[in-house]
Amino acid sequence: MSVAKKEYKRITVKSLVEMKKNGEKISMLTAYDYSMAKIVDAAKVDVILVGDSASNVMAGHETTLPITLDQMIYHASSVIRAIDRALVVVDLPFGSYQSDPKEALRSAIRIMKESGAHAVKLEGGAEIKESVKRILAAGIPVMGHLGLTPQSIYKFGTYTVRAKEDEEAEQLMEDAKLLEKLGCFGLVLEKIPAELTKKVSESLTIPTIGIGGGKHADGQVLVVHDLLGMTHEFNPRFLRRYMNLYEEMGNAISNYVSDVKSQDFPNDDEQY
């Protein structure tokens with residue numbers, strides 16, 4: 001049974017574990033710049049993810065792979081300057097941690113020192129065990145990420161639901177327990193069956209954050225541009241659009257263009 005909701009002035013990794021224990025769901029959204037992060041934080045979102053999805057929504061790349069560590073630090077720094085309450089987690093980008101635990105530690109340290117972020121997120125399970133251990137040993141909080149791992153898209157060849165077969169589902173469960181044992185404070189579960197999310201969430205003491213993983217996760221995350229309808233060609237089943245900003249912004253800009261062309265803008269009250 002859940003208890004009365006606690007008001008948090010500042011969210012920490014300890015807060016998230018406490019929220020799971022108390023049955024309070026965790027809200028998480030992406031942000032990549034100061035202005036958007038200011039709005040997201042003021043709305044009391046618990047966790048802001050500076051995701052490598054910036055590669056897609058900010059830079060227009062087809063995948064998350066091209067974004068660099070320097071670019072992630074730039075986006076994270078912009079977000080951190082806007083934050084009063086949320087915990088800020090930053091993705092380690094592709095190529096900055098997979099093959100060399102020492103490189104992983106260097107990458108994580110750069111993010112923490114140069115951006116002021118609160119934690120980092122890595123994709124994968126047993127194959128990145130040594131990188132996770134080394135980062136945690138340095139006192140840097142780590143969030144895991146299992147299921148659909150976009151940095152491995154060329155390995156999978158598709159963005160379809162992961163872990164539908166028993167073997168992959170069992171491996172995901174093993175990886176989830178391993179990441180908890182290593183000391184990760186939370187775990188993103190992307191695009192896996194809802195019943196598997198339920199099973200994983202109930203087996204862990206650390207919180208799970210779902211994206212396309214159903215209602216049984218301890219929290220949910222979406223890309224803020226998708227939630228607001230700024231993107232319009234991406235329509236997965238798990239996405240709920242709360243606005244249609246693509247249309248609204250387009251209409252507003254068209255009206256501006258029309259007013260400039262007709263000399264309606266600026267009017268007498270809009271000049272010095």
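Buried means under 20% relative accessible area, exposed over 50%, and partly exposed in between, using a 1.4 Å probe and protein chains only. The model is predicted: local features need pLDDT of at least 70, side-chain atom pairs count only at pLDDT 80 or more, and totals for chains, interfaces and linings use all residues. Residues are numbered from 1 along each chain as its sequence is written, and side-chain values use heavy atoms, with hydrogens and water left out.

**View 1. The annotated binding-site residues.** An unreviewed UniProt entry lists Asp52, Asp91 and Glu123 under "binding site". These residues are spread over 72 residues of sequence, yet they cluster in space, with a largest C-alpha distance of 11.0 Å. Asp52, Asp91 and Glu123 are included in the lining of the largest pocket. UniProt positions follow the numbering used here, feature names are shortened, and annotations may be inferred rather than shown by experiment. A pocket is found on a 1 Å grid over the protein atoms alone, as an open set of points with protein on both sides within 12 Å along at least five of seven lines; a cavity is a set where a 1.4 Å probe fits but cannot get out, and lining residues have an atom within 4 Å of a point.

View 2. Aspartate 52 lies in the loop between strand S2 (47-50) and helix H3 (54-57). Helices (H or I, at least four residues) and strands (E, at least two) are DSSP runs, numbered from the N terminus. Aspartate 52 counts as buried because its relative accessibility is 5%. Neighbours within four places in sequence aside, aspartate 52 is in contact with Thr64, Ile67, Met72, Asp91, Glu123 and Gln151. Contact means heavy atoms within 4.5 Å.

View 3. Glutamate 123 sits in the loop between strand S4 (119-121) and helix H6 (129-137). Its relative accessible area is 7%, so glutamate 123 is buried. Not counting residues up to four places away in sequence, glutamate 123 touches Asp52, Tyr97, Ile128, His145, Thr149, Pro150, Gln151 and Ser152. The side chain of glutamate 123 reaches the backbone nitrogen of glutamine 151 at 3.0 Å. Such a polar contact is a pair of N or O atoms within 3.5 Å; within protein, one must be able to donate a hydrogen and the other to accept it, and residues adjacent in sequence count only if both atoms are side-chain atoms. Glutamate 123 has no salt bridge, and the nearest side chain of opposite charge, lysine 121, is 4.8 Å away. Lys and Arg count as positive and Asp and Glu as negative; His and the chain ends are not counted.

**View 4. The aspartate 46–arginine 85 salt bridge.** A salt bridge is a side-chain nitrogen of Lys or Arg within 4 Å of a carboxyl oxygen of Asp or Glu. By this rule there are eleven salt bridges. In the one between aspartate 46 and arginine 85, the closest N and O atoms are 3.2 Å apart. Distant parts of the chain are linked here, 39 residues apart: aspartate 46 is in the loop between helix H2 (34-42) and S2, and arginine 85 is in the loop between helix H4 (69-80) and strand S3 (87-91). Both aspartate 46 and arginine 85 are buried.
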